[in-house]
Amino acid sequence: MTSSIQEIIEGFEFLDDWEDRYRYVIELGKELEPLSDDERIDANKVQGCVSQVWLSRREEKRADGAVILHYKGDSDAHIVRGLVAIVLSQFSGMPAKDIPDTDIEAVFRKIGLQENLTPQRSNGLRSMVERIKNDARRVMAS
């Protein structure tokens, strides 16, 4: 993932039309690092998404004890792949302890995502976020 969440927000601010914004979302999806076949397994599938979505997680333990979660992701749908890119730009590389309280909904509101997605895509987006937050909770509990 090469775009930061701030760069993505700024990119949305320059686009007035939702057709252009959808194209931008698709372009963001093209930035995702491809998943290997070994990462496209049922354990990495996100439940609750109409499209197929995979999230692969790697944990990095720092000397100070903090656990950083790194994600890679993919989808079989272009727009959903872009949504994966937006979610990962926020969460991948964050300390697990900070993830559960991160208000990504504020980011979605700022860029107008929720009101411009179908209910199925909105549900899938929520499922991705919940998966990552649950991962962080499990890591912190162990």
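This report describes the predicted model of a protein, from its overall form to individual residues.

## Basis of the model

Because the model is predicted, local features are reported at pLDDT of at least 70 and side-chain atom pairs at pLDDT 80 or more, while totals for chains, interfaces and linings use all residues. Residues are numbered from 1 along each chain as its sequence is written, and side-chain values rest on heavy atoms, with hydrogens and water left out.

## Overall architecture

The protein contains 5 helices and 3 strands. These elements are DSSP runs numbered from the N terminus, with helices (H or I) of at least four residues and strands (E) of at least two. Read from the N terminus, their order is α-α-β-β-α-β-α-α. The radius of gyration is 15 Å, close to the 14 Å given by the globule rule for 142 residues, so the protein is as compact as a globular protein of that length. That radius is taken over C-alpha atoms, and the rule is 2.2 Å times the number of residues to the power 0.38. Along the principal axes, the C-alpha atoms fill a box of roughly 45 × 30 × 25 Å.

Of the 142 residues in the protein, 50% are buried. A residue is termed buried under 20% relative accessible area, exposed over 50%, and partly exposed in between, with a 1.4 Å probe and protein chains only. Among contacts with a separation of 6 or more, 60% are between residues 24 or more positions apart; a contact means heavy atoms within 4.5 Å.

## Surface and charge

The protein exposes about 7600 Å², and carbon and sulfur atoms supply 47% of this area. Accessible areas come from the Shrake-Rupley method with a 1.4 Å probe; for residues, only the protein chains shown count as cover.

There are 20 positive and 26 negative side chains, and the centres of the two sets lie 4 Å apart. Lys and Arg count as positive and Asp and Glu as negative, whereas His and the chain ends are not counted. Each charge is placed at NZ of Lys, CZ of Arg, CG of Asp or CD of Glu.

## The sheet

Strands of a sheet pair through backbone hydrogen bonds, either parallel or antiparallel. In this model, 3 strands form an open sheet in the order β1-β2-β3, with antiparallel pairing. Strands β1 (53–61) and β3 (94–95) stand at the edges with a single partner strand each, so one side of each has no neighbour in the sheet. Two strands are taken to pair if DSSP finds at least two bridges between them.

Strands β1 and β2 are joined by 9 bridges. Within this pairing, E59 has L69 of β2 as its bridge partner, and K61 stands opposite V67 in β2. The two strands form a hairpin with 5 residues between them, and G65 in the turn has a positive phi of about 95°.

Strand β2 is largely enclosed by the rest of the structure, because 8 of its 9 residues are buried. D74 lies in this strand and is buried, with a relative accessible area of 4%. Not counting residues up to four places away in sequence, D74 touches L35, R40, Q52, V53, W54, R81 and V84. D74 and E39 are 35 residues apart in sequence, with their C-alpha atoms 9.8 Å apart in space.

## Residues in helices and a loop

Y22 belongs to helix α2 (residues 18–30). Leaving aside residues up to four places away in sequence, Y22 touches I79, N116 and L117. From C-alpha to C-alpha, Y22 and L83 are 10 Å apart, with a sequence separation of 61 residues.

Q90 is placed in helix α3 (residues 78–91). The residue Q90 is buried, with a relative accessible area of 17%. With residues up to four places away in sequence not counted, Q90 touches I5, T102, I104 and V107.

G48 is located in the loop between α2 and β1. Apart from residues up to four places away in sequence, G48 touches N123, G124 and S127. G48 and L125 are 77 residues apart in sequence, and their C-alpha atoms are 9.0 Å apart in space.
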